[in-house]
Amino acid sequence: MCELLIRGTIVTPDGPIENAWLAIEDGKIAAVGSGPAPAAAEVFDAGSALVMPGIIDGQTHAGSYGGLEGLRSTTRSAVAGGVTTIVDMPYDNPVPLNDKATLEAKIDAIGQHAHANVALYGTIMPDQTTEDLKVLIEGGVCAFKISAFESSPTRFPRIPADRMLDIFEALAPTQLPLGIHNEDQEIVRARIARAKAEGRDGIAAHSDSRPPAAELSSTAHFLELGAATSAHAHIVHLSLARGFQLVDTYLQAGYRATGELCVHYLWFDPSTHGAELGARMKVNPPVRPGEIERLWQEVVSGRVAFVSSDHSSWPIDNKFTPSIFEAGAGVPGLETLLPAFFTGAAARGLDAVALTAQQLCENPARFFGLWPRKGALIAGADADIAIVARQAHIWNAQFAHDGLNWSPFDGREFGIKVARTYVNGKLAYDGAKVCNAPGDGRYLPRGDHHWFA
């Protein structure tokens, strides 16, 4: 007899199986099948809902505002959005994750605060040596991230090209990706100064002040350094279809190169939504005019490695500034990642179920070394599950579980709704409230699987 049996349309790597069942024992998937089911101590019938793998959000910033304790509200929001694993970025408040002590402190914070599972990015500061990467690799970080643009000399510094090359050389023998915030500093600073001098300070000036040339030149520079060392170069957020085509050029030439897309680029356009949203849609790199359909084509083409939220835990007050250039960059996104991506795909006549399972589950699990433990409903995997009802609803950010209660998606209609979330076989969200306890989530060190297997 298993502990829990879930009935419904089970979304497997081979496609959905209607009138199927999934058996859970000791926090893992014991079996998936159709027809006669094993006896169970508890049965949940999902009816017509989809039983999907738990979503893996490959880019979050839990501590960007609240420090390590931000893991609590961030992961609470995650499970309410069907996200069972977050991959958290290293640029935390007050300090980046760049050494053993900081890593241990963050792992301890996961044990205290996390409702969802957490994997971690690490980073390196300009004054460190590449020897400092080793302790983080040994500690289980799943990837590294650096920046070509300095937002803060202490929390978000710029890494110059010679140091990028050193880091690539150190990581080349490993399977760990090196990601980058891909904006050319000189171009951006000069164009921001130009916009200010011209008196342009609204959301319409944001993309111009951080132009495509700044993003694409930084992307190409980084990809070439990765190619020179045969290391895995990853672009953590591309806002332009051209960026994915650049990445693919390197991939087709035999180099380890990948590009990631954030879901807000698939929904918003400053020409259409700028007047309504203003700084509420400010992210870096910027949301671009005229790119939405081109980016959806990149998803369909397979050139997008995976789609993430780039969730940032900024309070709304951070957006209320006289000028767009002073407003904080970043938006909440954990509870809208799954419904926004699924709804956008379905609206375009795409196979939303298959694309969602690929882009939000399997691909990030493979990328971050979590496969096959995470990312699919298969026997032996952890029982991380999102039950998704085909229920249209208007997203109301006032009811979000992130403690922020604002979103650029506020008032948008989604075609699905998260009905339940299980983390490690335990009910974490029942469709109305978060049910599990802080600390029920686990730290996930990187496993042996890698993207370029």
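The legends below describe close-up views of a predicted model. Local features need pLDDT of at least 70 and side-chain atom pairs count only at pLDDT 80 or more, while totals for chains, interfaces and linings use all residues. Residues are numbered from 1 along each chain as its sequence is written, and side-chain values use heavy atoms, with hydrogens and water left out.

**View 1. An open sheet of nine strands.** The strand order is E12-E11-E10-E9-E8-E7-E6-E5-E13, with parallel pairing. Strands (E, at least two residues) and helices (H or I, at least four) are DSSP runs numbered from the N terminus; two strands pair if DSSP finds at least two bridges between them. Strand E12 (306–308) and strand E13 (311–312) are at the edges with a single partner strand each, so one side of each has no neighbour in the sheet.

**View 2. Strands E8 and E9 with helix H5.** Four bridges join E8 (residues 143–147) to E9 (residues 178–181) in the parallel sense. Ile146 has Ile180 in E9 as its bridge partner. Helix H5 (residues 161–171) packs on the sheet and touches E8, E9 and strand E10 (233–235); contact means heavy atoms within 4.5 Å. The direction of H5 makes about 155° with that of E9 (axes are lines fitted to C-alpha atoms, for helices over the stretch in contact, and angles run from 0 to 180 degrees between N-to-C directions).

**View 3. Strand E5 and its two partners.** Seven of the seven residues of E5 are buried, that is, under 20% relative accessible area (1.4 Å probe, protein chains only). E5 pairs in the parallel sense with strand E6 (residues 83–88) over four bridges and with E13 over two bridges. Thr60 stands opposite Asp88 in E6, and the bridge partner of Thr60 in E13 is His311.

**View 4. The largest pocket.** A pocket is an open set of points on a 1 Å grid over the protein atoms alone, where a 1.4 Å probe fits, with protein on both sides within 12 Å along at least five of seven lines; lining residues have an atom within 4 Å of a point. The volume is about 650 Å³, taken as the space filled by probe spheres set on the points, which are joined across faces, edges and corners. Of the 27 lining residues, Ser151, Asn284, Trp314, Gly328 and Ala329 lie nearest the centre. Strand E5 (55–61) and helix H6 (185–197) each supply at least two lining residues.

**View 5. The second largest pocket.** This pocket holds about 280 Å³ of space. Among its 14 lining residues, Glu335, His393, Trp395, Lys417 and Tyr429 are the closest to its centre.

Note on methods. Buried means under 20% relative accessible area, exposed over 50%, partly exposed in between (1.4 Å probe, protein chains only).
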